[in-house]
Amino acid sequence: MVSTCFAACFAAGAQAADPQDMGFTDTPILPGGKWHVHDPARPAPVVVTPGRQAGSPPSDATILFDGGSLDAWAPKGQAWPVAGGAITVPPRTDGKSSNLVTRQSFGDIQLHLEFRSPSPPTRTSQNRGNSGIYFMGRYEVQVLDGFRNPTYADGTVGAVYGWKPPLVNAARQPGEWQSYDIVFERPRFKADGSLARPAYVTVMLNGVLVQNHQAMLGTTNWRHVSAYTAHGDAAPLELQDHDSPVSFRNIWVRPLPADAIAQDLNGETR
């Protein structure tokens, strides 16, 4: 049998492969499913075209901010200004915070964004370049100026706020653009509202792993232990106004399929 991938590649003009290299049907069946080891009939992955440069959105991304329109967002208060291809937390004229919230809701996602702390810094610790990324409006990965800025470990840049410090401090200097690449897996709840599976987060800061499939304690809290309250399968993403002019750019997400979650030898899913 010739796989659909082999046929498509051949039709597109790719060099023909030895049919034996395309798979086997005389091999054992993989656990929990119907496919042979190296089965030529197993469906090929969907093709996604990567961005031209590191950090550029791939072809299946949902663009949340590309340097121009803020149509994908709504502020909880004052509008966030757009200038120079970036959005920036606005100054507080009324003393109230103004988080920025996506109009679209998400569950399991891959997120890319870039942020920049103010330079020169004028404050210290938690008041220096502080913001945050709230997945589903609840679960925070901290944004902070972490360059030579002592603060409590579970509140520095790359932390699951109030719970897990980053594995390392990979912060750049204030004024430099920094990148987050984050995989967020939403929590699962039972019919009675109790927790079936916590949220998990994997975080790359400036290309460095700082959280590795880290379980989250629950809705982020300040000075209290986080806990879960049952909620729906999707909710908006939120950027925090913590009264510091942090800027953001190049924000995109990729909703994750079910196959991306819980890869613990549960047998075949496709």
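Predicted model: local features only at pLDDT ≥ 70, side-chain atom pairs only at ≥ 80, totals over all residues.

Residues are numbered from 1 along each chain as its sequence is written, and side-chain values use heavy atoms, with hydrogens and water left out.

The protein contains one helix and 15 strands; helices (H or I, at least four residues) and strands (E, at least two) are DSSP runs, numbered from the N terminus. Along the principal axes, its C-alpha atoms fill a box of roughly 70 × 45 × 35 Å. Of the 270 residues, 40% are buried, that is, under 20% relative accessible area with a 1.4 Å probe, protein chains only.

Five strands make up an open sheet, ordered β2-β5-β14-β7-β8, with antiparallel pairing; two strands pair if DSSP finds at least two bridges between them. Because β2 (73-75) and β8 (139-143) each have a single partner strand, they stand at the edges, and one side of each lacks a neighbour in the sheet. Within the sheet, β7 and β14 (residues 235-239) run antiparallel and are joined by two bridges. Tyr-134 has Glu-238 in β14 as its bridge partner.

The loop between β6 (109-116) and β7 (131-135) holds Ser-117. Is Ser-117 buried or exposed? Ser-117 counts as buried because its relative accessibility is 2%. Leaving aside residues up to four places away in sequence, Ser-117 touches Gly-129, Leu-144, Asp-145, Pro-174, Gly-175 and Gln-178, where contact means heavy atoms within 4.5 Å.

Definitions and conventions:
Buried < 20%, exposed > 50% of the residue type's maximum accessible area, 1.4 Å probe, protein only.
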